Amino acid sequence: MSEFGEHTLLPKVALVGHPNVGKTTLFNALTGKNRKVGNYPGVTVERSSATLRTPHGHELELLDLPGAYSLSPNSPDETVTRDVLLGDLADEPAPDLVICVVDAASLERHLYFVLQVIDTGIPVVIALNQIDRAENKGLRINRQVLADELEVPVIACQAPAGRGIIQLKQTLRFPFPPPTPRHWKGPGAVEKAIEKLRKKLEEAGIERAQAHAIHLLADTDYRIEAQSHLTPEAQVAAREMASECIAKDHPPEDEITEARFLCIRRTISASVIEKGSEAESLSDKIDRYTLHPFWGWVIFGAVMFAVFWSIFRFAAIPMDLIEKGFGAMASGVSSLLPEGDLRDLISKGVIEGVGSVVIFLPQIVLLFLFIGLLEGSGYMARAAFLMDKVMSRAGLTGKSFLPLLSGFACAIPGVMAARTINSAKERLLTILILPWMSCSARLPVYFLLIPLLVAGSLAQTMVMFLMYALGTGTALLAAWILGKRIGRSEPTPQFLLELPPYRLPDFGYVLRHVLGRALSFLKKAGTVILGIVIILWALSSYPKAPEGEDQLAHSVMGRIGQAIEPVVEPLGWDGRMGGAMLTSFAAREVFNGSMAVTFAVDEDAEEDDDAVRDKIRERISTAKKEDGSPRYPPLTIFSLLIFYIYALQCLPTTIVVKNETRSWRWALGQLAGMSAFAYVAALAVYQGGKLMGF
Amino acid sequence: MSVGLTEALERDSALNLDQAAVGCNFQVTSLEGPACRQLREIGFCEEMRVRKIADGRTLLCAVCGTRLALSRTLAKQVRVTPA
């Protein structure tokens, strides 16, 4: 074992604290821009780390743990924080030192968490952050007394201004201080139980026996629920100790909580010199409007409208550039390669197929940028507060709002954002309905098909809005219905949220996050989508048709289309549309590319996407049946649109859902259920429309 | 006045946070219910001062310099007395 613990190459320091306390800003101030993002082993929670060099020249790894109000977790994020600090996460040794980031203006609220962290037996340093806010309120804390009371270094910080950063780095000197002793003491029965349990855990070979003993007695769920890193015997021993305490009228969870709060009151009483004024802050004044029962909604509507309008308006220029870029690449390839399958594959398949997806990158980037800025400014919590009333009708809470909003860009980050929802039932419901938020991948399909239904930009905008409204409305209705069947024994999710003060977003962090999402999107385009377009091209190009025969009809895709025709005919589609629909199950953006292929639209390398879409539309609108009637009347197009609103056509989403729910049953059930619903909805629209004479 | 009577009077004057008047300051006396641990950990602990800012299906309170929003159902689990 090294001086700093087992397995580590670099000593590891963890940053912990409540959400919104400024941990990430402090992390950035300490480490600069060398953040590495990954996943904790075995879980899908993001692992964020970077190296930093102390003033003494030593290099450390700094780990930014997920925000947590408590080490008795209420969400997957908090579970990871607990498990890392207790050393229970496989392949993630416990840190060698912990920096507890605490809001100086709200010290008393944070000390419970600090005491829990001290009880893990890891050396602790307190970063008293947002010290400027405390000073502005007239709050004065005697940091030396606070440090003496808790026996930990206390450093005042103001992370955005870089204040206190050098002093904080100076506390990270080697050797690290020893673990801080406990400053609370429970009644005799509880103290004896802690000691007895500690010995039993040591005998059983459980590491950090003292920390585990305290936590097993302080947290009923931790004691009762199976923990992969604790032996069943250890948990049985813990339950026995707890029962003994309860029999003596000293329930350990209550006694430990009370002892900690007594310690907190003593500490606050000694260290807080001036409590500060309770006068209205700037955030309070702004909230009079943003949380107003009427004006709050007006502001919310205006903000949401501005976000979506900006996305469509400002994305046009970069989208145009991307279009021209891909067009130039396709031209270049066409001029360099001789005519034949290879040229066809690269210019028509790969470049144009992938290009038809990448073109939506600016819209996705802008949506993530706006969501990041709104979240960073503190407004998103207000939006969640307002939306709670609407969400509650669907059996959800306002906390589901942000994940669902993210779903309008892409379902994958939306599903991952659901990790912050405390209630397991609400988290699952949010994940299950999320794909019905019309994501940006549906836009190519909407842009292709809506002009076939209505003419004029106003009418088309209204139909587009209807698509979004249908998807969102059905999602909330589904949440209400599913909520009555899933987790019936679980309590109704309740809304509990901290509204942070308004602040300027950390633009650097937001931009880095957006860049991460953009790269992730491009990676998907370069892997999944690329693979699909190559396969599509091959399916429509082989086997080669004899001279005089239609290539498409002879190809594998053509035969698949013919086979699927009886299934899709009741929806008003034919085999070509059915084939294109099938290909878009892996990624719905591919639909347009499939339609271009199946309608044998020759995509001239110099044409832009609008021209290609116009050609596809022309082929669709002029196609005739044998009796001369339109092959694809508006009702068929509407049925196709309805299908695309409801079908889950994104394999990466299914995989992420499986990872987040840890269940193929939920992931595949969602895929099957949404596919079936989409089919039935399209069927109902087409058949119902025909009955009504459309 | 005996301590027992004082405590009884305090108990009687305590009300649930959802019943408390908007704009007034209160002190948390006790927490009773399935979410009391979570409420304590986020800031609604015994002896903490709370100012109720807004009422409705979701309440808004100022606790220790922070704004916390909570549902009515959770607010019913927090017993307070006027501060």
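Predicted model: local features only at pLDDT ≥ 70, side-chain atom pairs only at ≥ 80, totals over all residues.
**Entry 1**

I counted 18 residues of domain 1 of chain A in contact with 16 residues of domain 2 of chain A. On the domain 1 side, H3 and helix H5 (143-150) of chain A each supply at least two residues. H3(A) gives the most to that side, with five residues. I then sorted the domain 1 side by class and got 10 nonpolar, four polar and four charged residues.

I also noted the bounds: the domain assignment puts domain 1 of chain A at 12-170 and domain 2 at 188-270. Their centres, taken over C-alpha atoms, are 24 Å apart.

**Entry 2: H3 and H11 of chain A**

Next I looked at how H3(A) sits against H11(A). Their axes come within 10 Å and cross at roughly 130°. I wrote down the relation as oblique, because an angle of that size makes H3(A) oblique to H11(A). The crossing is right-handed.

Which residues make the contact of H3(A) and H11(A)? From H3(A) I listed A:Leu107, A:Glu108, A:Leu111, A:Tyr112 and A:Leu115. From H11(A) I listed A:Arg260, A:Cys263, A:Ile264, A:Thr267 and A:Ile268. By class, this contact has seven nonpolar residues, one polar and two charged.

**Entry 3: chain A against chain B**

I moved on to the two chains. Here 25 residues of chain A are in contact with 26 residues of chain B. Four elements of chain A each supply at least two residues of the side that touches chain B: helix H3 (107-118), helix H11 (252-271), helix H17 (379-393) and strand E10 (496-499). I note that H3(A) is named both here and on the domain 1 side in my first entry. The side of chain A that touches chain B has 11 nonpolar, seven polar and seven charged residues.

**Entry 4: a sheet with strands from both chains**

I followed E10(A) into chain B. E10(A) pairs with strand E5 (residues 66-71) of chain B in the antiparallel sense, over four bridges. I looked up one partner: A:Leu499 is bridged to B:Arg67 in E5(B).

How many strands form the open sheet? I found seven, in the order E10(A)-E5(B)-E4(B)-E3(B)-E2(B)-E6(B)-E1(B), with antiparallel pairing. E10 of chain A and strand E1 (15-16) of chain B stand at the edges. Each has a single partner strand, so one side of each is left without a neighbour in the sheet.

B:Asn25 stands opposite B:Arg51 in E3(B).

I then looked for a helix on this sheet. H17(A) lies across E10 of chain A together with strand E4 (58-63) and E5 of chain B. H17(A) runs at about 145° to E10(A).

**Entry 5: a hairpin in chain A**

Last, I looked at strand E3 (residues 46-53) and strand E4 (residues 59-64) of chain A. They pair in the antiparallel sense over six bridges. For A:Ser48, I found the bridge partner A:Asp64 in E4(A).

How many residues lie between the strands of the hairpin of E3(A) and E4(A)? There are five. In this hairpin, A:Gly57 takes a positive phi near 90°.

Note on methods. Residues numbered from 1 in each chain as written. Chains lettered and ligands numbered in written order. Contact = placed C-beta atoms within 7 Å. Nonpolar A, V, L, I, M, F, W, Y, C, P; charged D, E, K, R; others polar. Pairing = 2+ DSSP bridges. Axes fitted to C-alpha atoms, helices over the stretch in contact; angles between N-to-C directions. Parallel < 35°, antiparallel > 145°, perpendicular 65-115°, else oblique. Left-handed = near helix turned anticlockwise from the far one by under 90°. Domains from an automatic or database assignment.
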